[in-house]
Amino acid sequence: FPFPYTPYRIQEQFMEALYGALEAGRVGIFESPTGTGKSLSLICGALSWLRDWEEKRQQEEARLLALGAGGQDGRTPQPGSADTAGEPDWVTAFVQKKEERDMVDRLKEEQIRRKKREDRLEKIRHNVQLKYAAKRKRYEEDETKRLLQLSKEALSQGPGEGVLDQLDHNEEELILAEYESDDEKKVVSGLEEDDDDLEEEHVTKIYYCSRTHSQLSQFVREVQKSPFGKDTRLVSLGSRQNLCVNEEVRRLGALQLINDRCMEMQKNKHEKKSDEENEGKKRRVSRTVCPFYSYEQMQFLRDEVLVEVKDIEQLVSLGRETKACPYYGSRFAIPAAQLVVLPYQMLLHEPTRNAAGIKLKDQVVIIDEAHNLIDTITCIHSAEVSGSQLCCAHSQLSQYMERYRKRLKAKNLMYIKQILYLLERFVAMLGGNVNQNPGCQAVSQTGTVLKSINDFLFQSQIDNINLFKVQRYCEKSLISRKLFGFVERYGGPASAVKTNKENQKLAGLQNFLLTLQQGSDKEGTPQSPPVEAEHDQPQTASPLMQIEGFLSALTNANQDGRVILNKQGTVGQSSLKFLLLNPAVHFAKVVEECRAVIIAGGTMQPVADFREQLLCCAGVDPARVVEFSCGHVIPPENILPIILCSGPSNQQLEFTYQTRDLPQMMDETGRILCNLCNVIPGGVVCFFPSYEYEKQVYGHWEKTGLLSRLAAKKKIFQEPKKANQVEQVLVEYAKCIKRCSQTGGQMTGALLLSVVGGKMSEGINFSDDLGRCVIMVGMPYPNIKSPELQEKMTWLDKTVPRAAGQAPSRVLIENLCMKAVNQSIGRAIRHQKDFASILLLDHRYARPAIFNKLPHWIRERTQVKPAFGSAFAELRKFHRGKLDAL
């Protein structure tokens, strides 16, 4: 496959390794530097394998069907074998023939289904009239619904309804429906039964995962241009936030609110019939049902998705055009799809995976951009709640229960009281009381305490509550959505609440919420807030949503996580956090079920974390794991990596926490940059370990005058902390470099001061003149005093065996540092004809344990320079040679 900027030799090596891993059913760790067409190579290799695999399966099916038709099975039962011992020959023969008949029948049914599906898609692909007929039918249905709605509104306008009746009608959607646990109700009625009946059998497919929505959209566009773009059945999955086309729901903004509202609308559709069938009762106002949740239209959208490759934007446009829900319509397409594209958060979280209808049994999973896979799994399954959220949720839920106590069923009341008790105990663990303002309750002993899950449950006296049932109740009953609607209606400013007997009872809730937002004195009297604050504060989701995540996290096994009690000045500022220690426990099922798993990235070094923390801890046989790393597309002479051990004044470069703040160290760093900016054209990107240190060095340079010397050669830009300002800084940085290269003069380009792990250390392309040199100041080790990191280190030392005489905790610290370094220095080389120099400012990079964790394509070309003079000469020679060649 002739990909741009990719030598055939590297393609061939990559394809052979990938094909072999898929054929043998391996777990592969693949490293392919940016510029090799990694993502497209991955999917083209995988689709090539899938075509061969399907062809082999169909040949095998044809052979078995031919044998079945001829009455021969190709096997002869051996009397006395393990499976036939003790059975008469005629029984063994009968059982064997029955199995063969069943298998032949199953293969015939599968062939018929496949033929029908292919015929249907082919018909849609070539028959344009079907599309116009479907559109015309939809317009007719919409017109009919509109006329019916107008007639209903005309009939409903009339006297006879009092104020109390109107209140009941408006609040009907806030009442929790009768809840039946899974133990009491094994089969769910309604549409879910229909979904099971209509579910297709899953074909062998590839699940391609990446980190962000934009990366997936870019990938789908590449597939459209590839040799497989015409005849591949591809479906793109996303969240409701990305795929919802109901404007009423989209306006909610927050993902959790959108999810709950969508699920509630579906539930309303199931309950509508039962409400209408209740005779002798007061007529209720019909609950809102999503107009896009139409099974017939979603089936049409499913077929359209399978006919032609579409990214998420095209899928949303199709959903609006067909009046069908893209979120559920795309899910209907999963069984027949050959390639499913989705964010890897959706695949790694089992409840989300099951809800989406993703089945991994004997399928292929490719996880691209997987360098932060362990951190992603840890974040997905960790949760944190503050004392303010706990107290606020308790107040909201108490007021809700008191208002609707007579309308709620016994099962709902039981679970609500259990949740209230849990909230009380959680606040008590922080040293507070739910009946007082958390902002005014001082914590006696501040600090951070770590507890095992079991210790936390026993000490908080909630070990007698079944958290699995409570968590399932929160999920199924949509209580957080009902509570949010309740607070949205009555929890705002007092002036916005109607004054009648029914809502006067809610004064306590209003006052408490106001005290949480504005603060209060010791007597609990609200202070008057600034006028603009009432309008500027955005509407937030119910805190119960975050608490549900914390309850779910507490259901992990005791050895797999810890609960962190972070006690600050007040109960409101304190928090409870669940920290997942063993990400392998959630990755194990993916590896066990799948035929093959490919973990790929441009920079995967060091790979020991993936092998030990993910795969070994998940119980994967080491023989099943295969590693592959291909070279970069650039020739060796296009890159110059240098480890610099000392500066121009022979000051040794060692940016430890104790020495990096010394004035002489910051001065030496400035002198190095001044010298480099004199000989390096275009853009120079300098990475610092943290925002605080970058700010400190910048301020020191301003005082000493180094900054003005730097600014004489390069215009200086700083990475902003706010994400919405990054694009503007990058645009100005690129404009400055382009202007300097065109006009010439004393100013030769720009200097960008960035931060490791910040907005510009991942996903940004500093290609060509945007990044002719990347400088790494020091080694960005994580904060070893962090309680979370210390607990992770302790857990690793107890769980993972020592490797090469090093403690696993020490290896973790080094790996976290070098992963961040490798991501940052890889920003410059982006294609085959690109060139750049890389400067690592710290003598510790030359240590073998650190040096060997650099990417292979950088490590094999790296020079260690003890003195600045020889390094400067090499850099000047390198850049002058490249400029002359250009």
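This is a predicted model: local features need pLDDT of at least 70, side-chain atom pairs count only at pLDDT 80 or more; totals for chains, interfaces and linings use all residues.

Residues are numbered from 1 along each chain as its sequence is written, and side-chain values use heavy atoms, with hydrogens and water left out.

**Overall make-up**

The secondary structure comes to 36 helices and 18 strands, where helices (H or I, at least four residues) and strands (E, at least two) are DSSP runs numbered from the N terminus. Of the 886 residues, 50% count as buried, a term that means under 20% relative accessible area, with exposed meaning over 50% and partly exposed lying in between (1.4 Å probe, protein chains only). Among the contacts with a separation of 6 or more, 81% are accounted for by residues 24 or more positions apart, a contact being heavy atoms within 4.5 Å.

**Cavities**

A cavity is here a set of points, on a 1 Å grid over the protein atoms alone, where a 1.4 Å probe fits but cannot get out, and its lining residues have an atom within 4 Å of a point. Grid points are joined across faces, edges and corners, and a volume is the space filled by probe spheres set on the points.

| Cavity | Volume | Lining by class |
|---|---|---|
| Largest cavity | about 140 Å³ | eleven nonpolar, two polar and one charged residues |
| Second largest cavity | about 50 Å³ | six nonpolar, one polar and two charged residues |

In these classes Ala, Val, Leu, Ile, Met, Phe, Trp, Tyr, Cys and Pro count as nonpolar, Asp, Glu, Lys and Arg as charged, and the others, Gly among them, as polar.

The largest cavity is lined by 14 residues, of which Cys244, Asn246, Cys262, Cys290 and Cys325 lie nearest its centre. The lining of the second largest cavity includes Ala608, Asp609, Leu796 and Pro808; its largest share, four residues, comes from helix 27.

Helix 31 (residues 726–743) has 18 residues and reaches 26 Å from its first C-alpha to its last, close to the 26 Å expected at 1.5 Å a residue, the expected span being 1.5 Å times one less than the number of residues. Its buried residues are Val726, Val729, Leu730, Tyr733, Cys736, Ile737 and Cys740. Seen down the axis of helix 31, these buried residues fall within an arc of 125°, so they line one face of the helix; the arc is that of the directions from the helix axis to the C-beta atoms. They pack against strand 13 (682–688), strand 14 (714–718) and strand 15 (749–755), while the face turned away from the buried side carries the exposed residues Glu727, Gln728, Lys738, Gln742 and Thr743. Glycine 744, whose phi is positive, near 75°, follows helix 31.

In helix 18 (residues 410–429), the 20 residues should span 28 Å at 1.5 Å a residue, which agrees with end C-alpha atoms 29 Å apart. Glycine 431, with a positive phi near 85°, follows helix 18.

**Aspartate 797**

Aspartate 797 lies in helix 32 (residues 787–799) and counts as partly exposed at 39% relative accessibility. Not counting residues up to four places away in sequence, aspartate 797 touches Ala807, Pro808 and Ser809.

How values were computed:
On a 1 Å grid over the protein atoms alone, a cavity is a set of points where a 1.4 Å probe fits but cannot get out, and a pocket is an open set with protein on both sides within 12 Å along at least five of seven lines; lining residues have an atom within 4 Å of a point.
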